[in-house]
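The entries below follow the order in which I looked things up.

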Amino acid sequence: MNNDAQPTTGQVGIATGMLILTPLFWAGHSVVARIVANEIPTFSLVSIRWIAAFVILMIFVAPTVWPQRWLLVRYWRYVLLTGLVGPALFPCLLYTGLKTTTVTNTSIIQTSVPGLVPFIAWILLKDRVTWQQVSGILVSSIGVLLIITQGNPLKVAEVEFVPGDLVILSAFTCWALYTVVIRMKPSEMHANTLLASSMAIGGIATFPLWMWELSQGMYIPMTSQSAWAFGYIMLFPTLLAYYFYNYAISIVGPTKAGLASHLVPPLGICLGVIFLNESLHTFHAVSFAAILTGVIMVIRGGPASRSPKRS
């Protein structure tokens, strides 16, 4: 897509659908990770998922990517930054932080993403945010707060933060930066070329950590549970989610795409009810309605941001 062209109504509709499916895949990832958290070493999982994802993706997109290999060399700094902040740093920091903090604290910190994205986009892309979009972010944040505090926002003062929360904040800062940097893709570079290179960088950058885990005797068990967990993680939160997210950013811009993170808590609750026999309460429905309202306000709050031309 030409970076200067306005997206069509059909493209915006597809992007919006992808922004609903992507957090659903992320939420499912949380459920799967909760089930197998004590079975699969963190860095082994991260490295293998990206190496395998790169191989699988290349089977389908090699004819597009291979002719553009010289573009990867030309824009190597940009390509390296994209691969490091997204596939490499984000999951490593997130999984490391989760070892010493709670899911509740992580959810609170995750609400910073829609606020960080416009700020970073303003610095790097000179994007402007409308008042309707700011209002939408606030409404959506209130919905997330209702989930975290179980319908009583005053309880947020009772949450205790730990040093691991700084690691989680660093993780979501990396994700916000990745959301904006994707929009800066050179116009002549195909989206699949950037996605494939990012996956390769993510796998290579985390490979030494995988080897370190092996040296410590931490192996991936060969069980049916770990096999289906790997299958889900490879297909949905890795291949499909990253493709959908990158495409949506190119259509609706980083500010609107970044709001997808607010959909993760309510979708995670729905999946928890279905697969983990968790309870559903009235405040869940109210918060979900607030989050969806906020998302719609941001999406309808202005045109997709444009990327600056790159030479």
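How many helices and how many strands does the secondary structure of the chain come to? I counted 13 helices and zero strands. The model is a predicted one, and I read it as such. Written out from the N terminus on, the elements run α-α-α-α-α-α-α-α-α-α-α-α-α.

Entry on the whole chain. I looked up burial and found that 50% of the 311 residues are buried. I then took the contacts with a separation of 6 or more, and 93% of them join residues 24 or more positions apart. The accessible surface comes to about 14800 Å². Carbon and sulfur atoms hold 69% of that surface.

Entry on the core. Which residues touch the most other members of the largest nonpolar core? I found W175 and Y245, in a core of 76 residues. Helix α10, residues 224-252, gives the largest share of this core, with 14 residues. I listed the partners of Y245, leaving out residues up to four places away in sequence. Y245 touches W175 itself, and the list also holds L19, T22, W26, Y178, T179, A257 and G258.

I asked which residues make the nonpolar surface patch of about 650 Å². The members are I51, V55, I56, I59, F60, F207 and M211. Two elements give two or more residues to the patch, namely α2 (42-65) and α9 (191-215). The largest share, five residues, is from α2.

V61 has a relative accessible area of 8%, so I noted V61 as buried. I also checked V61 against A196 and found their C-alpha atoms separated by 8.5 Å. Along the chain, V61 and A196 are 135 residues apart.

Entry on cysteines. How many disulfides does a search of the whole structure find? My search returned zero. A disulfide is a covalent bond between the sulfur atoms of two cysteines. I looked up the burial of two cysteines as well. C92 has 9% relative accessibility and therefore counts as buried. C174 has 13% relative accessibility and therefore counts as buried too. The cut-off I applied to both is under 20% relative accessible area.

Entry on salt bridges. I searched the whole structure for salt bridges and found one. E188 forms this salt bridge with R74, and the closest N and O atoms are 3.5 Å apart. Where do the two residues lie? E188 lies in the loop between α8 (164-182) and α9, and R74 lies in helix α3 (residues 69-74), so the pair ties together parts 114 residues apart in sequence. I then looked up the accessibility of both ends. E188 stands at 31% and counts as partly exposed. R74 stands at 51% and counts as exposed, because the cut-off for exposed is over 50%.

Key. Residues are numbered from 1 along each chain as its sequence is written. This is a predicted model: local features need pLDDT of at least 70, side-chain atom pairs count only at pLDDT 80 or more; totals for chains, interfaces and linings use all residues. Side-chain values use heavy atoms; hydrogens and water are left out. A nonpolar core is a set of buried Ala, Val, Leu, Ile, Met, Phe, Trp, Tyr and Cys residues joined through side-chain atoms within 4.5 Å. Buried means under 20% relative accessible area, exposed over 50%, partly exposed in between (1.4 Å probe, protein chains only). Helices (H or I, at least four residues) and strands (E, at least two) are DSSP runs, numbered from the N terminus. Contact means heavy atoms within 4.5 Å. Patches are made of residues with over 30% relative accessible area and no salt bridge: like charges are joined within 9 Å, nonpolar side chains (Val, Leu, Ile, Met, Phe, Trp, Tyr) within 5 Å. Accessible areas come from the Shrake-Rupley method with a 1.4 Å probe; for residues, only the protein chains shown count as cover. A salt bridge is a side-chain nitrogen of Lys or Arg within 4 Å of a carboxyl oxygen of Asp or Glu. A disulfide is a pair of cysteine sulfur atoms within 2.5 Å.
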